[in-house]
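Dear colleague,

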Amino acid sequence: MSILKKSFTRRRSLALTATAMAVALVATGCGGDGDSSAPKLPGDAGLGGDGVVAQSVYDAAPVASDADIPAGSTMDAIRKRGYLNIGGSLDAPLLAQQNPVSGTIEGFDADMAKLLAKYIIGKPEVKTTTIGTQTREAMLQAKSVDAVFQTYTITPQRATQVAFAGPYLTSGLAVGVRKDDTSIKSVKDLAGKTVIVGANTPAVTALPSAAPGSKQIAFGTDPQALQALLQKRGDAYVQDFTLLASGAKANPGMKVVGEPFTTEAYGIGLNREDTQFKEFVNNWLKKIQADGTWAKVWEGTLGSVVEGGAPTPPALGSVDGS
């Protein structure tokens with residue numbers, strides 16, 4: 001069972017307060033330095049605080065030794081460049097959302113990227129290129145980005161095109177419907193319904209067996225899919241639980257029903273031919289799991305809206321395709 005599903009099943013008291021933002025594909029933004037003193041949005045979530053990872057987490061985060069970064073390696077090129085170039089999102093509350101006041105990108109994925117940058121460069125400098133789910137493989141193959149941090153589900157099929165470090169987080173698919181809909185209470189009620197999905201997401205392949213006879217309509221981004229649901233262009237929206245819960249809080253016209261019905265393991269997308277970089281990133285993940293950094297990032301982001309302490313991180317290499 002996924003860690004988010006455990007939290008959802010055992011502890012249903014969630015309170016999401018992030019605000020969703022629609023952004024265009026292939027826009028760019030800077031990740032900033034993780035400064036927790038930046039202005040926050042009114043009503044930001046917080047577990048006794050503001051819901052943003054503390055600067056002290058970055059200050060204490062590990063930095064790779066010179067011996068860990070061979071000359072001519074991808075890590076060496078990143079260090080010389082002075083920033084980590086990632087593909088990601090700016091519109092995913094609690095995962096990667098750009099604060100409209102400070103410009104800082106905040107959330108679990110965003111902070112993990114900053115910590116990898118800190119490990120390589122010595123400071124959390126990140127450049128983020130926003131990409132759609134359908135362009136991630138091409139961006140990595142072309143080396144347009146160093147890595148993808150974007151709730152990137154590990155699958156054997158994708159692993160034939162890209163390499164995955166991790167998994168570093170797990171979640172699951174859930175069902176979102178309009179607030180006034182009482183006919184759909186779980187994925188079982190989607191049989192014969194028109195269901196909105198994200199293009200090239202696990203929902204595309206999971207729905208036929210979970211909801212036989214359902215018809216799919218695909219959209220490139222989460223904001224587009226949420227808007228389509230509210231406009232009644234579909235009966236329900238199937239997406240990762242974290243994204244749906246954030247969307248439901250930002251959009252009072254929708255709600256999440258039932259429990260996650262799949263387990264999704266997220267990996268950090270890398271160029272498939274760069275086995276050295278994959279080993280390096282996995283070694284970094286081991287270090288931040290062991291020293292408690294991973295748990296602190298969880299508590300400051302996703303954990304700020306889930307009761308209870310940080311879960312155990314997923315085992316590296318535990319999923320087919322990782």
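Strand 3 and strand 4 (residues 96-98) pair in the antiparallel sense, over two bridges. Please note that this is a predicted model. Strands of a sheet pair through backbone hydrogen bonds, in either a parallel or an antiparallel manner.

The two strands belong to an open sheet of three strands, whose order is 3-4-5 and whose pairing is antiparallel. Strand 3 and strand 5 (105-106) are the edge strands, each pairing on one side only.

Strand 3 (91-92) also has a part in the largest cavity, where it is among the elements that each supply at least two residues of the lining. The others are strand 7 (147-153), helix 7 (222-230), strand 12 (236-240) and strand 14 (264-271). Which of the elements gives the most to this lining? That is strand 7, with four residues.

As for the cavities themselves, the structure holds five of 30 Å³ or more. The largest cavity has a volume of about 420 Å³. It is lined by 36 residues, and those closest to its centre are Ser89, Thr133, Gln150, Thr151 and Leu243.

With kind regards

Terms used:
Residues are numbered from 1 along each chain as its sequence is written. This is a predicted model: local features need pLDDT of at least 70, side-chain atom pairs count only at pLDDT 80 or more; totals for chains, interfaces and linings use all residues. Side-chain values use heavy atoms; hydrogens and water are left out. On a 1 Å grid over the protein atoms alone, a cavity is a set of points where a 1.4 Å probe fits but cannot get out, and a pocket is an open set with protein on both sides within 12 Å along at least five of seven lines; lining residues have an atom within 4 Å of a point. Grid points are joined across faces, edges and corners, and a volume is the space filled by probe spheres set on the points. Two strands pair if DSSP finds at least two bridges between them.
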